[in-house]
Amino acid sequence: MVNLMIDGIPVQVKEGTTVMKAAYSIGIEIPHLCYLEGINEISACKVCVVELQGKEKLITACNSPVEEGMVIYTNSPKVRRVRRTNVELILSQHDCHCVTCVRSGNCNLQKLSNDLGIVEIPFREELPNVPWDHNFPLIKDSSKCIKCMRCVQICDKVQGLHIWDVQNTGSRTTVDVADNKTIECTDCTLCGQCITHCPTGALRERNDIPKVFDALSDPEKITVVQVAPAVRAAWGEALGLSVEEATEGLMVAALKRIGFDYVFDTNFTADLTIMEEGSELLERLGNPEKYAWPMFTSCCPGWVHFVSKKYPSYLNNLSTAKSPQQMFGAVTKTYFANKLGIHPENISCISIMPCVSKKREAALPHMNSAGAGQDVDIVLTTREFVRMLKAEHINPRNLDEETWDSPLGESTGAGVIFGVTGGVMEAALRTAYAVLEGKNPDADAFSAVRGMEGRREREFVLGDKVLKTCTVSGLGNADKLMQDIIEGRVNYDFVEVMACPGGCVGGGGQPIHDGCELAQSRGQQLYQLDVDRTIRFSHENEEVQKLYEEFLEKPLGH
Amino acid sequence: MSRLKIATPNEAQLTVERLYKDLERRIIASPPGLCPVDLQLSFLRMCHAQTCGKCTPCRVGLGQLANFIEDVLEGRANMQTLKLIKDTAQDICDSADCALGYEAARMVLAGFEGFQEDYIHHIKTGKCSCHITQPVPCVALCPAGVDIPGYIALVGEKRYEDAVKLIRKDNPFPTACALICEHPCEARCRRNMIDSSVNIRGLKRMAVDHAKANTVPTPPKAESTGKKIAIIGGGPGGLSAAYYLELMGHHCVVFEEKSKLGGMLRYGIPNYRFPRERLDEDIETILSIGVEVKLNTRIGHADGEISFESLREEYDAVYIAIGAHTDKKIGIEGEESHGVMSAVEMLRNIGEENMPDFTGKNVVVVGGGNVAMDCTRSAIRLGANKVTIAYRRRQMDMTALPEEVEGAIAEGAELYSLKAPHKIEADEEGNVTAIWVEPQIISKIDAWGRARVVQAEVPLERIPCDVVVVAIGQGIETRHFEEAGLSVKRGTFSAMSDSEMKNAPGVFAGGDCVTGPATVIRAIAAGKVAAANIDEYLGYHHVIPCDVEIPAVRYEDKEPCGRIQLAEHEAGERKQNFDAFECGMTEQEACQEAHRCLRCDKYGYGSMKGGRAAIW
């Protein structure tokens, strides 16, 4: 243990602890900006400076380990002056038009500046201007970038894609797309982790809310909205709702208040995905020589894009099933349009996703089942959904719970856990077991696949076969997995990959809480919803059964 | 009213003088990879501040040129701007009164030629094509990429054994480099910005003096792959490749034509600079992991030689690291006389402990490189009456390290500069009696900044002597390999940057035989590169790790502090023998010097990109 003194208070911490954490342990929160624990501890912003007694030069609390006998001041006159100057310098190169910024109210820089009482900046404003394609689903505004490097680090260290890098040198150094490329020309999977780890509004998703309002105000259009599983575990966060308050029913009510004609659940097509993907797995297992192994899940567009860009020779390993979002779009514009007796062109299919990559997936040219435009017309992130509620001055607390519309509203517990890493695997195993054994397993029989570790290998006995499974979240982990598969170091039958750490609950379209990773607690909510559902097997979803009877005939039929 | 005054600089002038010095040191420490256009603009702005203001082109033109370049950097320029920059700079060059103006414009024109592509890249993409890749300047400049801040910190903590282990991750010759490396790492040391570079080689010497390489355990070897690799040449490059490949589990056999290993380290560098027993510490370590050696074995077609073709057949890969061991002739009359010898021959004899007897003789060494200095200082130690260095340019133009030249002069060598060899005079028995030289005058400077010489309009001079040592460079014996079909250009093997030979799968080459005579660290780096690529070629991806934990930074204010220089024995004493003349640091000195290191691995860009490659 190391003993030191911070602001006159003695503190004892473990060796290797940073000054920042030592101070935190006694209730002193040292202001910081670029710091992101374990990911970005590079002291770039120089906001967390503190004075070490006896030394002229200030040290940075975020990455300086404690030493025995240190005497630290976090508010000495020198610290106060330097901290303020550095924030002012950052502000001089930051577009401070907070009123038009998506992160206003949830911006570290704004909060820091307000907390320090900065009311004027003595430095000349110098805003960089790097051109950007605003049609791309990911938007970078260089005039708001504070060069904290978090996006570079998240993409390098967690996602392993190296999309961002420091560009230019000297005073013109900035953060931009690596290797002088434009973003469209990179392997960016649109996982959106750079957005959720950006301390300011420099990174955001493309704003598709106006398109939704246009659809809502078009009298010719029937608006159909679907909501992904992980959205229900996070939408209330940014509205100040507790987990208990932010129920599915309240979310449905809020969507109906906005004015969507039909409010459906992506969980429905998650169950459908299991029928298709589970059947595909059994088909592949029955005819192993006909297929490429292992079989990969295909519901995460970030992962699918990753495979197509980095490991195209493994495209055949991906399940041929569309993602739940796209199945939903396809079913809406065919089966549901048919049921309503209207032309699919008159349906505007909107989805609310915890994901930025879904915006690209929906726009892929082949996602057009009815020949009447894209199956999914507009994709909003959870954050955009929340913004829309605010714009419509809807306070969910004042609403009464409502139920999903029918027929695409019913879902099982197996569908709801799609939103968390391991969920697709677990749901698929439940149904595959039932098909092979002719009876349902215990619903929790496959809960061993759960967990927040980036890669989990499990084996299950399925019929007369031992099924080797692997569940991965985070693309850095996925890359290692692919290397291991290519090098022959591992051998699996079925692999689930979600691009975002923790799965969709930790998705790049979810509400942002600086410095907090909420995937685990959101995942717990989904597991609770699973337990609370009366039906926990996808094959028992009655509306899905009906869809097969009336339209699809049998799994793998289309 | 006084008619004249004594000019004394005021405080402002004195401060500016100090700032000039600061700037000079700062330029020395400029990191690699900066945007050349941005630097050009900064240089130009300084030039503009120097204008006296009389003439239009300099007073106005330099500022307008700067505006154009700023437009390029700020994305406001088009291709027309480039033409304007060039034309304006040329006009300033052609019309400015004095060097303040025309030299400033010439710098812009030079940059325009040198990095026009970067200008265009800025205009077309709005971005710079340059990039800082290795954030730590000393590591960036070390050909082998040794973890310099890491081992300096370890020396500072007196963890000498760990320092040797860490160095060995990238360089299996820690002792050799501690004693004789040309230390390119020190050139851009960021410490220059405060005072002067850290004495990196001196600190490495501290490590190997206190933890002898052959007492520091080697890392465990990977499981045997069953592959066999032939290494031709037992010098630093060949042995480096052998060491890493053997660690990776491939069995290496080194073929060496001489009776001992070490190459130029033994047969080119005299004992007083690098004592043989110290060389053996490195070699012993390398051999200890199982590298097999065949001494006195030549590769060729003659009797008792092994042909290159048979090596290719018998081994899974071949690394050619034969160095540059043949001598070059001046090509003057009398060069065949008795008493004329090449530097290679002289130093090889010394390496084989077959000492030439120079007692009482007058020796002239022709050349100005490090090898010439080695010959000069060896000749003094061999009892010569007088040793003269005849060099065609000036002392400052010599390619030898300044300390080597100064050392030679301190030991009594005469430096006869601006003397080009003309002919060698011999008596009837063919023994050298003198060398005739042509006096030169220094002349115009060429495109690489090197001053040329032209013959002075004065008579030839005669330097009486008994021995002439020709130290004007070395060549490479490529004939046998050329006959075997390997590609050789301008006397060197044409290997690619990954050291593989074109059109000869499995054949790699590196070191002096590819680059021409260079430094030991470049040969070691080539061996390391070859080892990595031979491993890949054989279908493996072994990594060379090092588990030494690097000490954390100390919270210290970096106050200016002088650089510790290594002491040398007094010239009058050291020139009597071939014993090592350089002394290591004391612990007190090493601690102070180690803590001058600014730890660029932990501060600055290093903290973001990671200051080190923990494995390769």
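Predicted model: local features only at pLDDT ≥ 70, side-chain atom pairs only at ≥ 80, totals over all residues.
Figure 1. Chain A contains 17 helices and 17 strands. Its radius of gyration is 25 Å, close to the 24 Å that the globule rule gives for 558 residues, so chain A is as compact as a globular protein of that length. The C-alpha trace of chain A extends over about 80 × 55 × 45 Å along its principal axes. Of the 558 residues in chain A, 50% are buried. Among the contacts in chain A with a separation of 6 or more, 73% are between residues 24 or more positions apart.

**Figure 2. Domains of chain A.** The assignment divides chain A into domain 1 (2–91), domain 2 (120–205) and domain 3 (219–552). Taken over C-alpha atoms, the centres of domain 1 of chain A and domain 3 of chain A are separated by 43 Å.

**Figure 3. An open five-stranded sheet in chain A.** The strands of this sheet follow the order β2-β1-β5-β3-β4 (chain A), and their pairing is mixed. Strands β2 (9–13) and β4 (59–60) of chain A form the edges, each pairing on one side only.

**Figure 4. The largest nonpolar core and the surroundings of C151(A).** The largest nonpolar core has 154 residues, of which C151(A), V225(A), V231(A) and W303(A) touch the most other members. Helix α14 (residues 423–437) of chain A supplies the largest share of this core, seven residues. Which residues is C151(A) in contact with, leaving aside its neighbours within four places in sequence? They are W164(A), V175(A), C194(A), H197(A), C198(A) and L203(A). A second, separate core has 102 residues, including A242(B), I283(B), I286(B) and I564(B). As general background, nonpolar side chains tend to be buried together in soluble globular proteins.

**Figure 5. Overall build of chain B.** Chain B contains 24 helices and 18 strands. The radius of gyration of chain B is 27 Å, close to the 25 Å that the globule rule gives for 616 residues, so chain B is as compact as a globular protein of that length. Along the principal axes of chain B, the C-alpha trace spans about 85 × 65 × 55 Å. Buried residues account for 45% of the 616 residues in chain B. Of the contacts in chain B with a separation of 6 or more, 71% come from residues 24 or more positions apart.

**Figure 6. Domains of chain B and the contact between domains 2 and 3.** Chain B is split into domain 1 (35–125), domain 2 (137–217 + 558–594), domain 3 (228–325 + 476–537) and domain 4 (327–474). Between domain 2 of chain B and domain 3 of chain B, the C-alpha centres lie 26 Å apart. Their contact draws 23 residues from domain 2 of chain B and 26 residues from domain 3 of chain B. On the domain 2 side of this contact, helix α10 (residues 174–180) of chain B gives the largest share, six residues. The residues on that side comprise 15 nonpolar, three polar and five charged.

**Figure 7. Strand β4 of chain B and its two partners.** Strand β4 (residues 317–320) of chain B is covered on both faces. A317(B) and Y319(B) lie on one side and V318(B) and I320(B) on the other, and all four are buried. Strand β1 (residues 228–232) of chain B runs parallel to β4(B) and is joined to it by four bridges. In that pairing, A230(B) stands opposite V318(B). Strand β18 (residues 507–509) of chain B also pairs with β4(B) in the parallel sense, over three bridges. Here I320(B) stands opposite A509(B) in β18(B).

**Figure 8. The contact between chain A and chain B.** Chain A brings 18 residues to this contact and chain B brings 17 residues. The side of chain A that touches chain B consists of six nonpolar, seven polar and five charged residues.

Key. Residues numbered from 1 in each chain as written. Chains lettered and ligands numbered in written order. Domains from an automatic or database assignment. Contact = placed C-beta atoms within 7 Å. Helix = DSSP H or I, 4+ residues; strand = E, 2+ residues; numbered from the N terminus. Nonpolar A, V, L, I, M, F, W, Y, C, P; charged D, E, K, R; others polar. Core = buried A, V, L, I, M, F, W, Y, C linked by C-beta atoms within 7 Å. Buried ≥ 20, exposed ≤ 12 C-beta atoms within 10 Å, placed from the backbone. Rg over C-alpha atoms; globule rule 2.2 N^0.38 Å. Pairing = 2+ DSSP bridges.
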